[in-house]
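Here is a protein model to read strand by strand. Look it over first, then work through the questions.

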Amino acid sequence: MPLVKNGKVAADIFVRVADDGELPEGGSALVSAARFLENPQGLLSKTDKLGVIWPNNRDLDDLVPFLDRLAVVALVFPSFRDGRAYSQARLLRERYGYEGELRATGQVLRDQFLFMLRAGFDALEAKKANDAEAFARTSERYSVFYQPTGDGRLTALHRRMQQRYSESAG
């Protein structure tokens with residue numbers, strides 16, 4: 001699947017590995033939550049970079065002790081109407097301080113992508129190459145926001161305050 005990362009179409013270096021599949025030797029792997037939780041230490045020691053596909057109905061508390069060693073957390077949108085992964089993303093970024101790649105997978109619509117970025121996602125698996133290019137263009141559409149969120153962008157209020165401060169200091 002094409003990957004949109006940081007607003008650009010990018011190559012995905014992570015290989016999805018089935019629960020009974022072999023891990024790539026020295027490569028980057030993406031495994032299911034069930035497989036990861038069976039033997040997290042063993043999996044973390046066998047790959048250069050490890051990512052986990054975390055379903056939106058699973059508690060993040062099981063994942064938190066390993067966040068500093070995971071390169072990717074892929075949160076699942078089983079339906080475009082199911083927004084629980086948005087909450088998981090905000091928690092991972094804002095409460096738990098996760099700094100790795102936060103990837104959206106599953107049923108994602110183009111008009112939801114900006115909200116995903118605002119919630120803290122920095123990557124998205126698109127179904128088709130054309131979709132990936134459209135998602136990438138969407139991320140450039142807006143530059144100013146009113147609400148603070150997990151993506152670290154300054155809000156309109158904070159930009160205005162910085163501008164006033166700069167004008168008064170200069």
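Q: In which sense do β4 and β5 pair?
A: This is a predicted model, with residues numbered from 1 along each chain as its sequence is written. Strands are DSSP runs of E, at least two residues long, numbered from the N terminus. Two strands pair if DSSP finds at least two bridges between them. β4 and β5 are joined over five bridges, and the sense is parallel.

Q: Which residue in β6 stands opposite V52?
A: β5 and β6 also pair in the parallel sense, over four bridges. In this pairing, the residue opposite V52 is V73.

Q: Is D82 buried or exposed?
A: D82 lies in the loop between β6 (72-77) and α3 (84-95). Buried means under 20% relative accessible area, exposed over 50%, partly exposed in between (1.4 Å probe, protein chains only). D82 has 15% relative accessibility, so it counts as buried.

Q: Which residues does D82 touch, not counting residues up to four places away in sequence?
A: Touching here is contact, meaning heavy atoms within 4.5 Å. Local features need pLDDT of at least 70, side-chain atom pairs need 80 or more, totals for chains, interfaces and linings use all residues, and side-chain values use heavy atoms, without hydrogens and water. The residues that D82 touches are N56 and F77.
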